[in-house]
Amino acid sequence: MTESNHSEKYQFQAEMKQLLNLIIHSLYSHKEVFLRELVSNASDALNKVRFLKLTKPDILNPDDELAIKINVNFDENTFSIEDSGIGMSHDDLINQIGNIASSGTLKFLNELKEKNKSFDGNLIGQFGVGFYSVFMVTDEVTLETRLADSTSHGLQWISTGEDTYIINEIDKPSKGTKISFKFKEELKHFADVSEIKQILQKYSNFVDFPIYVNDEKVNVVQAVWQKKKDSLTDEEMNEFYKFISNDFEEPMGHLHLAIEGNVNFKALLFIPKTAPQFLFQEIKEKTLHLYTNKIFIQDDAKELLPDYLHFVKGVVDTEDLPLNVSREITQNSPVMAKINTVLTSKILDYLENLASEDKEKYETFYRNFGSLLKSGVNTDFKNREKIIELMRFESSKTEAGNYTSFNSYVSSMRAEQEEIFYLAGDSREKIERNPNLEYFIKNDIEVLFMIDPMDVFVIPYIFDYSGKKILSIEKAEIKLEESSSEEKTEDNQNSFSLIEKFKSVVGEQVEDIVFSKRLVNYPVSLVAGKSSMDPQYEKMMQMLNKDFQSSKKILEINPVHPIIKNLISNLNNTEHSEEVEDTIHQLYESALLIDGGLTNPTDFVQRLYKIIEKMTK
Ligand code: ADP
């Protein structure tokens, strides 16, 4: 019996209160997932103790069956779930149970609520707050726990999920955790053996510990990935995916591998249908589950895949690692490195195949995970070429949202074109309005649009594809043909004087001032200087680091534009010298404005007023 020795009351942290409030008042559908979450926590705790047993023989009751025991009583409307797992310490109760693991969680939950999406309880497992789903179905929870360590003592945690929780010391002879409560009156139907069995069937079919409901064993422990390919049904596979990934959707695709030879393992890998909210953050957390000989080792075996493939979920089971493998060993193991090499090449082959066989499906995949995938160009030198083939872009010749690739760019360009052109920007809309694009549109030369922020960190390091240099059209160095003789740069004395005039007015602020061959309808434009990085890259760096020094740009002037022609004819007219200077300032600053670099618009606007005033006289 539990006898209370010492009792303490704690406040939930503010975010936790908010979260509990959301759970209690906003989660309506799929209330039955509370069971999945509790079983999954119990299973994690059992996995941990199974692993601990391999290295520490002196744990509490080492011979107890590693199992999950559920008891329900319909008449009394009660439920309990008990595991013989690792248990929790006093600190765990405060830090693991009383706190929210990720700060993104609450933000996302609130967003969902604001958008008034019917907030589905099914989503909760993804957020690392699964335990609290019990408050969907009950008004008060009692948790009793004892750490597997033989020097530990029992603890009891009680809360109504409102503001506070209580921790008591109790007598608890066995290791593990027991959670018990009464269902809310209107949810009494859960306190029924057959209903509980049904829910387990739906969500917890793949738990690899026995589950008992009122002393009857209800599951068959099985390692799906060990099955032969043709004996595994799609349904089984999808359910398994949902089980290990906490996703509520079916996967987009899967790979089932049985590798023998240099390294031996079986793997069942999945590509999710949609990307998580915080792709780059999420991939750092959970990755593949590692088993050795069907025994679970860890659920975040990062070494099994390179970072850029961490969107892949699934299981790897190998005979080549010892059972008592520690985290340090897995981190430096040549076996892990070999598995990584095989998996990487299999996944890239799979994607390549998908791209050629089901273009639409591949493009959906790429929209979801492309930015992560392409980061591999900079890190995986062995597979670089393959990743480059897998990259997709919008371009000046695709509809918005449609893709082309380097391969199709090169195969449809004119034979005499020597370079692959691109332009980077925040959005297709902005890119399409970039004055530097005019020449290319007019001459029917395709330009790839780099819209994904990751692009500017990757593209400059590709250098060339199929012998063609990859160049930003914002770079001054690209060679452009003059379109027709009538538009030739006027090389008379006046136009050179105009350049000199521009230099005397805004010369300090730019690297150089030259006549342009690329402009059509715009009078001036800024392009990147010879030694500078891609302008979009510089913008990103500035956002990341305030002290980042952007390089000076080159100002290009369109000699056939009416404004420039007017300037040339007025250049020697001293009566107009103030207007000429104002116009040069105004032109330069409008180029800056379009480029996103006009930090102080006051002078620009004052000059504009002056012009409007004249016009409205
Ligand atoms: P998650 O399981 O996603 O981390 P939960 O809110 O379900 O989020 O659980 C929080 C933490 O509490 C777990 O990570 C684990 O450390 C601890 N925990 C929950 N249930 C148990 C249990 N039955 N045995 C041991 N530890 C548990």
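1. Lys386 is partly exposed, with a relative accessible area of 26%, and the model in which this value was computed is a predicted one. The side chain of Lys386 forms a salt bridge with Asp349, in which the closest N and O atoms are 3.0 Å apart. This pair links distant parts of the chain, since Lys386 belongs to helix H11 (residues 384-390) and Asp349 to helix H9 (residues 334-357), the two residues being 37 residues apart. Asp349 also counts as partly exposed, at 36% relative accessibility.

2. Glu579 is partly exposed, and its relative accessible area is 32%.

3. A further salt bridge is formed by Glu589 and Arg607, for which the closest N and O atoms are 3.5 Å apart. Glu589 lies in helix H19 and Arg607 in helix H20, so that this pair, 18 residues apart, again links distant parts of the chain. Are Glu589 and Arg607 buried or exposed? Both of these residues are buried, which for a residue requires a relative accessible area under 20%.

4. Helix H20 spans residues 602-616 and contains Tyr609. Tyr609 contributes, together with Leu608, Ile611, Ile612 and Met615, to a nonpolar surface patch of about 510 Å².

5. In helix H18 (residues 562-570), the buried residues are Ile564, Leu567 and Ile568. They cover an arc of only 100° around the axis, and this places them on the same side of H18. An α-helix has 3.6 residues a turn, so residues three or four places apart point the same way. The face of H18 turned away from the buried side carries Pro562 and Ser569, which are exposed. Which elements cover the buried residues of H18? The cover includes helix H16 (493-506), strand S21 (524-528), strand S22 (553-557) and helix H19 (577-595).

6. The structure contains an open sheet of 9 strands with mixed pairing, and the strand order is S1-S6-S5-S4-S7-S3-S2-S8-S9. S1 and strand S9 (216-217) stand at the edges with a single partner strand each, and therefore one side of each is left without a neighbour in the sheet.

7. At the S1 end of this order, strand S1 (residues 7-11) pairs with strand S6 (residues 164-170) in the antiparallel sense, over 5 bridges. Within this pairing, Ser7 has Asn168 of S6 as its bridge partner. Strand S5 (residues 154-159) also pairs with S6 in the antiparallel sense, in this case over 6 bridges. The bridge partner of Trp157 in S6 is Ile167, while Gly154 stands opposite Ile170 in S6. The hairpin of S5 and S6 has 4 residues between the strands, and in this hairpin Gly161 takes a positive phi near 75°.

Key:
Residues numbered from 1 in each chain as written. Predicted model: local features only at pLDDT ≥ 70, side-chain atom pairs only at ≥ 80, totals over all residues. Heavy atoms only, no water. Patch = residues over 30% accessible without salt bridge, like charges linked within 9 Å, V, L, I, M, F, W, Y side chains within 5 Å. Areas by Shrake-Rupley, 256 points an atom, 1.4 Å probe, with all protein chains shown as cover. Salt bridge = Lys/Arg side-chain N within 4 Å of Asp/Glu carboxyl O. Buried < 20%, exposed > 50% of the residue type's maximum accessible area, 1.4 Å probe, protein only. Arc of directions from axis to C-beta. Contact = heavy atoms within 4.5 Å. Pairing = 2+ DSSP bridges.
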